[in-house]
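Hello,

Here is the structure for you to take over. My notes on it follow below.

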Amino acid sequence: MYASRTCRRLPQLGPLHPSPLSAVAVHVPGPPHTGGVTAPAPLSTAMLSSDVSGARDEDSVLEWVAELLVERAPLVLTGAGMSTDSGIPDYRGPDGERRVTPMQFAEFVASSAARQRYWARSFVGWQRFTAARPNAGHHALARIQAAGAVGPVITQNVDGLHQAAGSRDVVELHGALADVVCLTCGDRTTRGDLDERMREANPDYVVDSEEIRPDGDISLEEIDVARFVPPRCLVCGCDTLKPDVVFFGESVPKDRVERCFALTEEAHALLVLGSSLAVMSGLRFVRRAAARGIPVVIITHHLQRGGERATLHLRADLSASLTALADRVAS
Ligand SMILES: NC(=O)c1ccc[n+]([C@@H]2O[C@H](COP(=O)([O-])OP(=O)(O)OC[C@H]3O[C@@H](n4cnc5c(N)ncnc54)[C@H](O)[C@@H]3O)[C@@H](O)[C@H]2O)c1
Ligand SMILES: [Zn+2]
């Protein structure tokens with residue numbers, strides 16, 4: 001799995017344009033919306049005491065990032081890449097291709113059959129999803145935060161692993177798989193309780209699978225879906241229970257988005273970890289940060305969008321690089 005790759009030594013950094021072959025791409029942001037390398041905006045990297053564009057190797061780049069952390073305690077935005085070392089796959093492979101097609105919101109709400117399929121798959125996948133533990137990257141980020149070198153964490157992940165590692169001030173942008181809500185009456189329950197009820201209703205339901213998918217489910221044969229007894233709400237009796245996560249095709253609740261924009265307005269820098277930024281849901285905070293002229297540092301292997309707004313894009317393994325950063329700022 002590419003998530004277990006160790007850091008590559010970096011080629012010598014060239015000037016300010018990223019090359020697809022280089023492990024590090026460096027940008028000095030121009031004025032909002034123009035891109036390029038013209039005059040840095042007021043709160044740009046030029047205000048940092050050293051300039052990453054002169055860095056020759058990964059150590060120097062990490063040193064520069066560590067300095068940024070200490071000076072600016074960035075707001076953090078994380079994505080699925082944070083959790084691949086915990087055994088939860090991301091949606092996109094290293095080449096940016098989406099590997100699975102998750103169920104869309106419209107499909108989920110449209111029919112009982114779709115919900116039965118969702119819950120059957122999710123029932124089986126949950127056992128492995130819930131067994132996932134925070135990895136070295138989660139632990140390192142929590143250490144960095146405890147040292148005051150990053151601020152709040154906005155996560156696009158629904159696995160709860162930042163909190164399990166001890167991070168505070170975590171905003172779960174897309175909700176949490178551990179929470180369940182009834183779309184009819186609004187009753188809320190925990191996934192743990194619901195899991196128990198689903199076990200009771202499906203005592204002989206055993207499907208042999210080692211597979212786990214990014215959203216915590218697996219693929220199942222239709223025959224296995226058909227024999228699964230789907231859960232119903234204990235309050236209103238409807239079969240409209242939904243994990244309290246934002247599905248593809250569904251909007252993030254407005255107050256949550258506003259809170260994240262407010263955090264972006266207050267931030268002195270933004271650190272993006274393990275997100276391809278393919279989804280507008282996270283990309284918009286990068287755009288807002290860049291428009292404000294604050295440094296945007298991205299550590300992720302593959303970047304689909306947002307690169308042109310980044311001060312620095314470091315293509316490196318997260319567990320290794322966050323541990324190296326924690327050792328620099330939190331020891
Ligand atoms: N763990 C989870 O909770 C989980 C998992 C998959 C998807 N999702 C959901 O899917 C959406 C997908 O968007 P996204 O941008 O978060 O994910 P994404 O799959 O689009 O991007 C993940 C990024 O992480 C990189 N990456 C993977 N492992 C890495 C590692 N060890 N070190 C460095 N980089 C690594 C990939 O190259 C990619 O750039 C999110 O909105 C999220 O809600 C959540
Ligand atoms: Zn209900």
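Which order do the three strands of the open sheet have? The order is β6-β5-β7, and the pairing is antiparallel. Strands here are DSSP runs of E of at least two residues, helices are runs of H or I of at least four, and both are numbered from the N terminus. Two strands pair if DSSP finds at least two bridges between them.

This is a predicted model, in which local features need pLDDT of at least 70 and side-chain atom pairs count only at pLDDT 80 or more, while totals for chains, interfaces and linings use all residues. Residues are numbered from 1 along each chain as its sequence is written, and chains are lettered from A and ligands numbered from 1 in the order in which they are written.

On confidence: pLDDT (the predictor's confidence in each residue, from 0 to 100) has a mean of 82 over the chain, with 77% of residues at 70 or more. It stays under 50 over residues 1-23 and again over residues 28-51.

Strand β5 (residues 175-182) is joined to β6 by three bridges in the antiparallel sense, and V180 stands opposite T189 of β6.

Elsewhere, strand β10 (residues 312-314) contains H313. H313 counts as buried because it has 24 C-beta neighbours inside 10 Å; the cut-offs are 20 or more other C-beta atoms within 10 Å for buried, 12 or fewer for exposed, and partly exposed in between, with C-beta atoms placed from the backbone.

Regards

Methods:
Contact = placed C-beta atoms within 7 Å.
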